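Student: I am new to this structure and would like to learn how its descriptions are reached. Could we go through it together, one question at a time?

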Amino acid sequence: MCGRAYYSERSVDAAAQSLCHQKTTCGTPSDSDPGSRVIYSIKDSKKNSGPGHTFRVIYASANGSVKIDEMIWGLIPNGGSISSPHRIPTDEGFSVSPHYKMFNARSETVHEKVSFARYIRSGQVCIFAVDGYYEWTQPIQQVKKQPYFVRSRDLRQPLLLAGVYARVKTGREDESGKDEMISTFAVLTADAHPQYAWLHPRQPLMIPDLELARAWLKNNPRNVLEEIRDIAGSTLWDNLSVYPVTTKMNDARYQGDDCATEIKLKKVRSIQTFFSPRTAHDKIETEDESKSAVKKGSKPKRKCASGGIESFFKREKDTEPKPVAGSPSETSPSAEIAISWQCSTCTYVHSRPEQMFYLACDICGSPRKVADLASTKKPKT
(Lines give C-alpha, C1' and ligand atoms only; values in the text may rest on other atoms or scores of the structure.)
Protein backbone atom coordinates (compact mmCIF):
# COMPACT_ATOMS: atom_id res chain seq x y z
CA MET A 1 0.00 0.00 0.00
CA CYS A 2 1.42 3.37 -1.04
CA GLY A 3 -0.12 5.26 1.89
CA ARG A 4 -2.49 7.74 0.27
CA ALA A 5 -6.27 7.84 0.82
CA TYR A 6 -9.42 9.84 0.07
CA TYR A 7 -11.03 10.62 3.42
CA SER A 8 -14.34 12.33 4.20
CA GLU A 9 -16.56 12.83 7.22
CA ARG A 10 -19.38 11.22 5.23
CA SER A 11 -17.56 7.87 5.17
CA VAL A 12 -16.80 7.96 8.89
CA ASP A 13 -20.37 8.88 9.81
CA ALA A 14 -21.83 6.20 7.52
CA ALA A 15 -19.57 3.52 9.00
CA ALA A 16 -20.16 4.62 12.59
CA GLN A 17 -23.94 4.73 12.21
CA SER A 18 -23.95 1.23 10.77
CA LEU A 19 -21.72 -0.14 13.52
CA CYS A 20 -23.52 1.63 16.36
CA HIS A 21 -27.07 1.22 14.99
CA GLN A 22 -27.62 4.84 15.99
CA LYS A 23 -26.20 8.33 15.55
CA THR A 24 -22.46 8.93 15.80
CA THR A 25 -22.78 10.55 19.22
CA CYS A 26 -22.17 7.04 20.53
CA GLY A 27 -18.63 7.39 19.31
CA THR A 28 -17.80 10.82 20.71
CA PRO A 29 -14.76 10.64 23.02
CA SER A 30 -15.54 11.55 26.61
CA ASP A 31 -13.58 12.49 29.71
CA SER A 32 -14.44 9.10 31.21
CA ASP A 33 -12.28 7.43 28.57
CA PRO A 34 -8.63 7.96 29.67
CA GLY A 35 -6.55 9.66 27.04
CA SER A 36 -9.47 10.35 24.71
CA ARG A 37 -9.24 14.13 24.93
CA VAL A 38 -9.17 15.70 21.47
CA ILE A 39 -6.09 17.91 21.27
CA TYR A 40 -6.10 18.68 17.55
CA SER A 41 -8.75 19.31 14.89
CA ILE A 42 -9.24 18.16 11.29
CA LYS A 43 -11.06 19.38 8.20
CA ASP A 44 -14.25 17.85 6.82
CA SER A 45 -12.54 15.96 4.00
CA LYS A 46 -9.08 15.18 2.67
CA LYS A 47 -9.04 14.12 -0.95
CA ASN A 48 -5.33 13.27 -0.99
CA SER A 49 -3.87 12.56 2.42
CA GLY A 50 -1.44 10.15 4.03
CA PRO A 51 0.68 9.41 7.11
CA GLY A 52 1.27 12.31 9.44
CA HIS A 53 -2.27 13.68 9.01
CA THR A 54 -5.17 13.44 11.44
CA PHE A 55 -8.31 11.37 10.83
CA ARG A 56 -11.36 10.28 12.80
CA VAL A 57 -10.92 6.57 13.49
CA ILE A 58 -13.43 4.04 14.86
CA TYR A 59 -12.44 1.84 17.80
CA ALA A 60 -13.98 0.03 20.78
CA SER A 61 -13.47 1.25 24.34
CA ALA A 62 -12.78 -0.96 27.34
CA ASN A 63 -16.49 -1.40 28.05
CA GLY A 64 -17.15 -2.57 24.46
CA SER A 65 -18.88 0.54 23.13
CA VAL A 66 -17.93 1.79 19.67
CA LYS A 67 -16.29 5.21 19.70
CA ILE A 68 -14.61 7.66 17.38
CA ASP A 69 -11.39 9.50 18.16
CA GLU A 70 -8.99 11.66 16.22
CA MET A 71 -5.75 9.84 15.49
CA ILE A 72 -2.68 10.46 13.38
CA TRP A 73 -1.94 7.96 10.63
CA GLY A 74 1.48 6.44 11.39
CA LEU A 75 1.92 4.44 14.59
CA ILE A 76 4.15 5.74 17.40
CA PRO A 77 4.43 2.83 19.86
CA ASN A 78 6.42 4.45 22.66
CA GLY A 79 5.86 7.55 24.73
CA GLY A 80 7.96 10.66 24.48
CA SER A 81 10.10 12.29 27.17
CA ILE A 82 10.69 15.78 28.49
CA SER A 83 13.96 15.99 26.57
CA SER A 84 12.51 14.44 23.41
CA PRO A 85 8.72 14.93 23.34
CA HIS A 86 6.44 13.83 20.52
CA ARG A 87 5.04 16.67 18.45
CA ILE A 88 1.40 16.97 17.46
CA PRO A 89 0.07 18.61 14.25
CA THR A 90 -0.67 21.93 16.01
CA ASP A 91 2.94 22.26 17.22
CA GLU A 92 5.36 24.51 15.39
CA GLY A 93 7.91 22.40 13.57
CA PHE A 94 5.68 19.32 13.39
CA SER A 95 6.93 16.80 10.81
CA VAL A 96 5.14 13.88 9.16
CA SER A 97 8.40 11.93 8.75
CA PRO A 98 8.22 9.93 12.04
CA HIS A 99 4.77 8.68 11.06
CA TYR A 100 6.00 7.12 7.81
CA LYS A 101 8.09 4.56 9.70
CA MET A 102 5.10 2.48 10.86
CA PHE A 103 2.06 3.57 8.85
CA ASN A 104 1.16 -0.02 7.88
CA ALA A 105 1.71 -3.54 9.20
CA ARG A 106 1.60 -6.98 7.60
CA SER A 107 -1.53 -8.80 8.80
CA GLU A 108 0.19 -12.18 8.38
CA THR A 109 2.77 -11.41 11.08
CA VAL A 110 1.15 -8.63 13.10
CA HIS A 111 0.62 -10.96 16.10
CA GLU A 112 4.30 -11.99 16.04
CA LYS A 113 6.11 -8.67 15.64
CA VAL A 114 7.05 -7.07 18.94
CA SER A 115 6.03 -3.63 17.65
CA PHE A 116 2.43 -4.68 16.96
CA ALA A 117 1.68 -7.91 18.87
CA ARG A 118 0.78 -6.13 22.12
CA TYR A 119 -1.99 -4.18 20.39
CA ILE A 120 -3.58 -7.36 19.05
CA ARG A 121 -3.37 -8.99 22.51
CA SER A 122 -4.86 -5.97 24.28
CA GLY A 123 -7.58 -5.45 21.68
CA GLN A 124 -6.29 -2.05 20.55
CA VAL A 125 -7.67 -2.44 17.05
CA CYS A 126 -9.52 0.10 14.94
CA ILE A 127 -11.27 0.76 11.64
CA PHE A 128 -10.16 3.47 9.23
CA ALA A 129 -13.20 4.34 7.06
CA VAL A 130 -12.29 5.99 3.73
CA ASP A 131 -13.91 6.75 0.39
CA GLY A 132 -11.03 4.96 -1.32
CA TYR A 133 -7.27 4.81 -1.61
CA TYR A 134 -4.60 5.40 -4.26
CA GLU A 135 -1.89 3.23 -5.79
CA TRP A 136 0.80 4.02 -8.36
CA THR A 137 2.28 2.16 -11.32
CA GLN A 138 5.21 2.99 -13.61
CA PRO A 139 4.02 2.76 -17.25
CA ILE A 140 6.52 1.65 -19.89
CA GLN A 141 8.09 4.50 -21.90
CA GLN A 142 6.75 7.10 -19.44
CA VAL A 143 8.62 9.19 -16.88
CA LYS A 144 5.70 10.03 -14.58
CA LYS A 145 4.05 7.40 -12.43
CA GLN A 146 0.36 6.79 -13.08
CA PRO A 147 -1.95 6.96 -10.04
CA TYR A 148 -5.05 4.74 -9.73
CA PHE A 149 -8.01 5.08 -7.39
CA VAL A 150 -9.62 2.08 -5.66
CA ARG A 151 -13.15 2.46 -4.28
CA SER A 152 -16.38 0.54 -3.77
CA ARG A 153 -18.68 0.18 -6.78
CA ASP A 154 -21.42 1.46 -4.50
CA LEU A 155 -20.46 5.11 -3.91
CA ARG A 156 -22.44 5.13 -0.68
CA GLN A 157 -20.35 2.33 0.78
CA PRO A 158 -17.01 3.36 2.39
CA LEU A 159 -14.02 1.04 2.57
CA LEU A 160 -13.40 -0.27 6.10
CA LEU A 161 -9.65 -0.70 6.59
CA ALA A 162 -8.52 -2.77 9.58
CA GLY A 163 -5.83 -1.28 11.80
CA VAL A 164 -4.20 -1.12 15.22
CA TYR A 165 -3.79 1.97 17.35
CA ALA A 166 -1.65 3.27 20.21
CA ARG A 167 -2.23 6.03 22.73
CA VAL A 168 0.95 7.23 24.46
CA LYS A 169 2.23 10.26 26.34
CA THR A 170 3.91 12.99 24.37
CA GLY A 171 6.29 13.77 27.25
CA ARG A 172 4.65 17.11 28.00
CA GLU A 173 1.73 18.42 30.05
CA ASP A 174 -1.35 20.13 28.70
CA GLU A 175 -2.86 23.40 29.92
CA SER A 176 -4.64 21.67 32.80
CA GLY A 177 -1.44 20.05 34.03
CA LYS A 178 -2.36 16.54 32.89
CA ASP A 179 -0.21 14.34 30.70
CA GLU A 180 -0.65 15.25 27.05
CA MET A 181 -1.55 12.20 24.94
CA ILE A 182 -1.08 11.38 21.27
CA SER A 183 -3.16 8.78 19.44
CA THR A 184 -1.74 7.11 16.34
CA PHE A 185 -2.68 4.12 14.17
CA ALA A 186 -1.37 1.82 11.44
CA VAL A 187 -3.30 0.11 8.63
CA LEU A 188 -3.01 -3.65 8.23
CA THR A 189 -2.10 -5.01 4.79
CA ALA A 190 -2.37 -8.34 2.97
CA ASP A 191 -1.25 -9.87 -0.32
CA ALA A 192 -2.96 -8.26 -3.28
CA HIS A 193 -5.76 -10.09 -5.05
CA PRO A 194 -4.28 -11.91 -8.12
CA GLN A 195 -6.52 -9.91 -10.45
CA TYR A 196 -5.00 -6.64 -9.24
CA ALA A 197 -1.46 -7.69 -8.37
CA TRP A 198 -0.29 -5.57 -11.35
CA LEU A 199 -1.33 -2.50 -9.38
CA HIS A 200 0.62 -3.27 -6.18
CA PRO A 201 1.83 -6.49 -4.51
CA ARG A 202 0.14 -5.48 -1.25
CA GLN A 203 -3.29 -4.05 -0.43
CA PRO A 204 -4.93 -2.72 2.74
CA LEU A 205 -6.86 -5.33 4.69
CA MET A 206 -10.48 -4.41 3.96
CA ILE A 207 -13.27 -5.71 6.21
CA PRO A 208 -15.97 -7.06 3.85
CA ASP A 209 -19.11 -6.68 6.02
CA LEU A 210 -20.46 -5.07 9.19
CA GLU A 211 -20.71 -8.30 11.18
CA LEU A 212 -17.01 -8.92 10.78
CA ALA A 213 -16.32 -5.26 11.53
CA ARG A 214 -18.14 -5.50 14.86
CA ALA A 215 -16.38 -8.78 15.65
CA TRP A 216 -13.01 -7.17 14.81
CA LEU A 217 -13.63 -4.37 17.32
CA LYS A 218 -15.23 -6.34 20.16
CA ASN A 219 -14.04 -9.97 19.97
CA ASN A 220 -10.61 -11.59 19.94
CA PRO A 221 -8.89 -9.76 17.03
CA ARG A 222 -6.46 -12.58 16.33
CA ASN A 223 -9.25 -15.10 15.68
CA VAL A 224 -11.21 -12.68 13.53
CA LEU A 225 -8.14 -11.63 11.54
CA GLU A 226 -7.85 -14.94 9.70
CA GLU A 227 -11.52 -14.87 8.71
CA ILE A 228 -11.27 -11.30 7.42
CA ARG A 229 -8.23 -12.16 5.33
CA ASP A 230 -9.86 -15.23 3.79
CA ILE A 231 -13.11 -13.49 2.81
CA ALA A 232 -11.49 -10.24 1.69
CA GLY A 233 -9.01 -12.07 -0.51
CA SER A 234 -11.65 -14.13 -2.33
CA THR A 235 -14.80 -12.07 -2.77
CA LEU A 236 -14.27 -8.42 -1.82
CA TRP A 237 -12.55 -7.36 -5.05
CA ASP A 238 -15.66 -8.19 -7.06
CA ASN A 239 -17.31 -5.17 -5.45
CA LEU A 240 -14.46 -2.73 -6.09
CA SER A 241 -13.75 -0.32 -8.91
CA VAL A 242 -10.20 0.54 -10.02
CA TYR A 243 -9.44 3.30 -12.53
CA PRO A 244 -6.70 5.82 -13.45
CA VAL A 245 -6.79 9.40 -12.16
CA THR A 246 -4.88 12.59 -12.90
CA THR A 247 -1.10 12.64 -12.48
CA LYS A 248 -1.54 15.80 -10.40
CA MET A 249 -1.98 13.28 -7.59
CA ASN A 250 1.79 12.70 -7.72
CA ASP A 251 2.03 15.84 -5.60
CA ALA A 252 1.01 14.92 -2.04
CA ARG A 253 -0.18 18.50 -1.48
CA TYR A 254 -2.72 18.43 -4.32
CA GLN A 255 -6.33 18.65 -3.09
CA GLY A 256 -8.24 19.40 -6.30
CA ASP A 257 -11.81 18.32 -6.95
CA ASP A 258 -10.57 15.94 -9.67
CA CYS A 259 -8.42 13.84 -7.32
CA ALA A 260 -10.69 10.80 -7.67
CA THR A 261 -12.12 11.57 -11.13
CA GLU A 262 -11.56 8.84 -13.74
CA ILE A 263 -9.48 9.75 -16.79
CA LYS A 264 -8.72 8.02 -20.10
CA LEU A 265 -5.11 7.03 -20.62
CA LYS A 266 -3.40 7.94 -23.87
CA LYS A 267 -2.17 5.02 -25.92
CA VAL A 268 1.61 4.91 -26.28
CA ARG A 269 2.82 3.89 -29.74
CA SER A 270 4.98 0.81 -29.81
CA ILE A 271 8.43 1.14 -31.36
CA GLN A 272 7.40 -1.55 -33.85
CA THR A 273 5.03 0.92 -35.51
CA PHE A 274 8.03 2.92 -36.76
CA PHE A 275 9.28 -0.09 -38.76
CA SER A 276 5.99 -1.19 -40.32
CA PRO A 277 4.27 0.16 -43.48
CA ARG A 278 1.56 2.72 -42.94
CA THR A 279 -2.03 1.63 -43.42
CA ALA A 280 -4.62 3.36 -45.56
CA HIS A 281 -6.20 4.70 -42.36
CA ASP A 282 -2.92 6.40 -41.40
CA LYS A 283 -2.66 8.01 -44.85
CA ILE A 284 -6.20 9.37 -44.64
CA GLU A 285 -5.49 10.87 -41.21
CA THR A 286 -2.33 12.57 -42.51
CA GLU A 287 -4.19 14.05 -45.48
CA ASP A 288 -6.98 15.31 -43.22
CA GLU A 289 -4.44 16.93 -40.88
CA SER A 290 -2.76 18.65 -43.83
CA LYS A 291 -6.07 19.98 -45.20
CA SER A 292 -7.08 21.19 -41.74
CA ALA A 293 -3.78 23.02 -41.32
CA VAL A 294 -4.17 24.76 -44.70
CA LYS A 295 -7.67 25.95 -43.78
CA LYS A 296 -6.37 27.47 -40.56
CA GLY A 297 -3.63 29.30 -42.44
CA SER A 298 -0.78 27.37 -40.86
CA LYS A 299 1.94 25.44 -42.60
CA PRO A 300 0.80 21.86 -43.32
CA LYS A 301 2.69 19.04 -41.74
CA ARG A 302 5.24 17.36 -43.93
CA LYS A 303 4.02 13.99 -45.12
CA CYS A 304 6.18 11.00 -44.41
CA ALA A 305 6.84 8.70 -47.31
CA SER A 306 4.78 5.54 -47.13
CA GLY A 307 6.53 2.37 -46.16
CA GLY A 308 8.22 3.75 -43.04
CA ILE A 309 11.95 3.23 -42.86
CA GLU A 310 11.90 0.99 -45.92
CA SER A 311 11.31 4.07 -48.06
CA PHE A 312 14.70 5.46 -46.98
CA PHE A 313 16.54 2.66 -48.74
CA LYS A 314 14.10 2.74 -51.65
CA ARG A 315 14.87 6.40 -52.34
CA GLU A 316 18.59 5.73 -52.03
CA LYS A 317 18.30 2.91 -54.55
CA ASP A 318 16.31 5.10 -56.96
CA THR A 319 19.02 7.79 -56.93
CA GLU A 320 21.76 5.37 -58.03
CA PRO A 321 22.68 5.60 -61.76
CA LYS A 322 20.80 3.06 -63.82
CA PRO A 323 22.97 0.64 -65.84
CA VAL A 324 23.28 1.24 -69.57
CA ALA A 325 21.40 -1.22 -71.74
CA GLY A 326 23.63 -4.06 -72.80
CA SER A 327 26.18 -3.46 -70.02
CA PRO A 328 27.39 -6.43 -67.96
CA SER A 329 25.52 -5.21 -64.91
CA GLU A 330 22.28 -5.23 -66.94
CA THR A 331 22.60 -8.47 -68.86
CA SER A 332 25.05 -10.61 -66.94
CA PRO A 333 23.36 -13.42 -64.95
CA SER A 334 26.10 -13.08 -62.34
CA ALA A 335 24.93 -9.62 -61.18
CA GLU A 336 24.81 -9.29 -57.40
CA ILE A 337 22.20 -8.00 -54.98
CA ALA A 338 22.68 -7.09 -51.28
CA ILE A 339 21.07 -9.52 -48.84
CA SER A 340 22.96 -8.42 -45.71
CA TRP A 341 25.30 -5.74 -44.49
CA GLN A 342 28.41 -5.75 -42.34
CA CYS A 343 29.27 -3.16 -39.69
CA SER A 344 32.50 -1.39 -40.58
CA THR A 345 33.33 -0.93 -36.91
CA CYS A 346 32.82 -4.35 -35.27
CA THR A 347 32.45 -6.37 -38.53
CA TYR A 348 29.19 -7.97 -37.33
CA VAL A 349 27.15 -9.24 -40.31
CA HIS A 350 23.45 -8.35 -40.20
CA SER A 351 21.81 -11.18 -42.17
CA ARG A 352 18.27 -11.36 -40.81
CA PRO A 353 15.61 -9.78 -43.08
CA GLU A 354 14.57 -7.17 -40.53
CA GLN A 355 18.22 -6.17 -39.95
CA MET A 356 18.46 -4.96 -43.54
CA PHE A 357 16.58 -1.83 -42.45
CA TYR A 358 18.63 -1.02 -39.32
CA LEU A 359 20.33 2.39 -39.34
CA ALA A 360 22.80 1.35 -36.64
CA CYS A 361 24.72 -1.78 -35.74
CA ASP A 362 22.72 -4.19 -33.59
CA ILE A 363 25.85 -5.08 -31.58
CA CYS A 364 28.01 -1.97 -31.09
CA GLY A 365 25.47 0.70 -32.02
CA SER A 366 27.71 2.37 -34.60
CA PRO A 367 25.84 4.34 -37.29
CA ARG A 368 25.40 2.49 -40.56
CA LYS A 369 27.55 3.87 -43.37
CA VAL A 370 26.80 3.91 -47.09
CA ALA A 371 29.82 1.64 -47.63
CA ASP A 372 28.13 -0.99 -45.50
CA LEU A 373 25.20 -1.33 -47.89
CA ALA A 374 27.08 -3.55 -50.32
CA SER A 375 29.54 -5.06 -47.86
CA THR A 376 28.02 -8.52 -48.27
CA LYS A 377 26.39 -9.62 -51.52
CA LYS A 378 24.95 -12.67 -53.09
CA PRO A 379 24.93 -13.53 -56.80
CA LYS A 380 21.56 -13.02 -58.48
CA THR A 381 20.13 -16.32 -59.72
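Student: How many cavities of 30 Å³ or more are there?

Tutor: Welcome! Keep in mind that we are looking at a predicted model. The count comes to 2 cavities of 30 Å³ or more. The second largest cavity holds about 30 Å³ of space.

Student: What makes a residue part of the lining of the second largest cavity, and which residues are they?

Tutor: A lining residue has an atom within 4 Å of a cavity point. For the second largest cavity, the residues are Tyr133, Glu135, Ala192, Tyr196, Leu199, His200, Arg202, Gln203 and Trp237. Sorted by class, the lining has 5 nonpolar, 2 polar and 2 charged residues.

Student: Let's turn to β7. How do you know whether Trp136 is buried or exposed?

Tutor: Trp136 lies in strand β7. Its relative accessible area is 13%, and buried means under 20%, so Trp136 is called buried.

Student: What makes β7 and β8 a pair?

Tutor: Pairing takes at least two bridges. Between β7 and β8 there are 6 bridges, and the strands run antiparallel, so they count as a pair. One of the contacts links Gly132 to its bridge partner in β8, Arg151.

Student: Which strand pairs with β8 over 5 bridges?

Tutor: That is β12, which pairs with β8 (residues 146-152) in the antiparallel sense. Here Phe149 stands opposite Tyr243 in β12. Strand β12 (residues 240-244) is mostly covered, with 4 of its 5 residues buried.

Student: In what order do the strands of this open sheet come?

Tutor: The order is β2-β1-β7-β8-β12, making 5 strands with antiparallel pairing. From one strand to the next, the twist averages 20°.

Student: Why are β2 and β12 said to stand at the edges?

Tutor: β2 (45-49) and β12 each have a single partner strand, so one side of each is left without a neighbour in the sheet.

Student: Now β3, please. Why is this strand called mostly covered?

Tutor: In β3 (residues 54-60), 7 of its 7 residues are buried. Both faces are covered: one side has Thr54, Arg56, Ile58 and Ala60, while the other has Phe55, Val57 and Tyr59.

Student: What makes β3 and β4 partners, and what lies between them?

Tutor: At least two bridges are needed for a pair, and 7 bridges join β3 to β4 (residues 66-73) in an antiparallel arrangement. Ala60 stands opposite Val66 in β4. The two strands form a hairpin with 5 residues between them, and Gly64 in the turn has a positive phi of about 95°.

Student: How do you know that β3 also pairs with β6?

Tutor: β3 and β6 (residues 125-130) share 2 bridges in the antiparallel sense. The rule asks for at least two, so the pair qualifies. Ile58 has Ile127 as its bridge partner in β6.

Technical notes:
Residues numbered from 1 in each chain as written. Predicted model: local features only at pLDDT ≥ 70, side-chain atom pairs only at ≥ 80, totals over all residues. Heavy atoms only, no water. 1 Å grid on protein atoms, 1.4 Å probe; cavity = no way out; pocket = protein on both sides within 12 Å on 5 of 7 lines; lining within 4 Å. Points joined across faces, edges and corners; volume = space filled by probe spheres on them. Nonpolar A, V, L, I, M, F, W, Y, C, P; charged D, E, K, R; others polar. Buried < 20%, exposed > 50% of the residue type's maximum accessible area, 1.4 Å probe, protein only. Axes fitted to C-alpha atoms, helices over the stretch in contact; angles between N-to-C directions.
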